[in-house]
Amino acid sequence: MNPLNSKKRLPTWVGWWAAAAIAVALWAGAAGAITGEEDLVRGHDLVSRYLKAVYAQDYAEAYQYISKRDRHAKSEAEYLRENPSLTGAAAELTRRLAERIEVGPLSAEVQGDSTTVRFPISLPDANSAELQELFAGFDPDLLNRFTPEKRQEIVASIDEMSRSGRLPVITGEESLDLLREDGRWTVFLNWGDAVKVFFHAEVKEGLPWAFEPLQEMVLALPGETLHAAYRARNLSDRSVTGKARHVDTPKETAAKYLDVIQCFCFLRETLKPGQEKELPLVFRVNWDVPRENKAFHVTYQFYPSERFPDAGREARAQPEGTLEVRVKDHRDAIDDFKSVDLSLGKLRLAPSPRLRSSDPGWLELVPRIDRMDLTRYKDGTASATVYRGTLRPQRFAAVDLQITGIRGILRKTGVADRVKNAVGPIRLDFELKPAVTTVVILDLELLDLSDHPGRGYELLIKGYELYQDDKLLQKIPPG
């Protein structure tokens, strides 16, 4: 997905986070106000540094460039809570990648104390297969566990890819609004006119908990993915299990334009006597929200699990469905190899078609195997079962089987040959139905691209088959 869009904002990170839109601040600092074209050129370095800070999720640095008018609406503490920064090795490595952002010459249309800055931009494509593999799927926990030697290898790889022109990038043009305040230019996000999302809390049916939002209201620009949280504390002398649901108003508008991406209401929560727990959620106001919609109210209601509304009826009427995911090979160059060992990561399912691969909110499942030899499943009928389990009935819009490593041994020479990992998320709309077994068979294909210099072998998804209770519902490609 191209991160550049008609809304004139860039996502801050096109890898594993879906955070607020990038806003550029052109800051003259001690040099004084920007008064002409030459001053805009001199401010180019400051623009680049700010873009790189936000791309690397260093929001403490980013906040200093935001206008005072916006700061009156949202404090630095609120901004940092809504946009968590990276830490440790993850911050270090993404900062090195962010250094590869290139901002072209700036141009501006100055109107009094406001201006629109326009510029071309090129930034590393963190959704690319190459960077996904190099950065371990952009998992901050994994990155923070890397040894210093492993981190140095990643930095060296980035440097080499950049030198050779092989670093995957996204290019486009952007325009942003700035304000002149106290003799300097700052970015104007217009938080004062943002959508207000109010959070409310209720405990129901005698649940002995204290329950409250950590923030009563969040200012959300259309397209921003923001973090919020509630706090729950068990006031009783026994362990208590509760379950929450959220009620959004205005109901129809919220259903269309307010996305709750990650929510504690998806699971039951058990608190021990006196235990207190912070319950996070991630939400987004959609880009196309009408301008007249200025506020949403989100109310979370916590019930004792046994008294959750219609829990008994839903349990009887909606038994869980069974999901099975298999993998096989679509014959092409597989016979060139004696073995093709795949290392498997998480199996992810997207409950919403709006989710990008980098967004939170994907349902993450653990495969039953962590390795497989693809050459054993090349006859068109045999397949490896990588996952089987029961889930609550729901719809899914995409499937992502993460392959974290590929080691291919050539049949003729017996030596290892590099296989490029081009396997990524695929759109696959299906409904997991109660008491029904749904089977998804992912059809991988190993291609020989050696006639294209520098390409070699490449593994990708050729298509899929979708079954329910042994009945074929869809096959891509058909045949």
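Glutamate 445 counts as buried because its relative accessibility is 7%, where buried denotes under 20% relative accessible area, exposed over 50% and partly exposed in between (1.4 Å probe, protein chains only). The model is predicted, so that local features need pLDDT of at least 70 and side-chain atom pairs count only at pLDDT 80 or more, while totals for chains, interfaces and linings use all residues. Residues are numbered from 1 along each chain as its sequence is written, and side-chain values use heavy atoms, with hydrogens and water left out.

Glutamate 445 lies in strand β26 (residues 437–449); helices (H or I, at least four residues) and strands (E, at least two) are DSSP runs numbered from the N terminus. When neighbours within four places in sequence are set aside, the contacts of glutamate 445 include Asp329, His330, Arg331 and Asp332, as well as Glu458, Leu459, Leu460 and Lys462, contact meaning heavy atoms within 4.5 Å.

Helix α9 (residues 148–164) has 17 residues, which at 1.5 Å a residue should span 24 Å, in agreement with the 24 Å between its end C-alpha atoms; the expected span is 1.5 Å times one less than the number of residues. Arg151, Ile154, Val155, Ile158, Asp159 and Met161 are the buried residues of α9. Viewed down the axis of α9, these residues fall within an arc of 165°, and therefore line one face of the helix; the arc is that of the directions from the helix axis to the C-beta atoms. The buried residues of α9 pack against α6 (88–98) and α7 (129–134), whereas Glu149, Gln152 and Arg163 are exposed on the other side. Just after α9, glycine 165 adopts a positive phi of about 75°.

The structure holds one disulfide, defined as a pair of cysteine sulfur atoms within 2.5 Å. Cysteine 263 and cysteine 265 form this bond, with their sulfur atoms 2.5 Å apart. The torsion about their S-S bond is about 135°, so the disulfide is right-handed. Both cysteine 263 and cysteine 265 are buried.

An open sheet is formed by four strands in the order β9-β11-β15-β13, with antiparallel pairing; two strands pair if DSSP finds at least two bridges between them. Its edge strands, β9 (209–213) and β13 (258–262), each pair on one side only. β9 pairs with strand β11 (residues 225–234) in the antiparallel sense over five bridges, and arginine 233 in β11 is the bridge partner of alanine 210.
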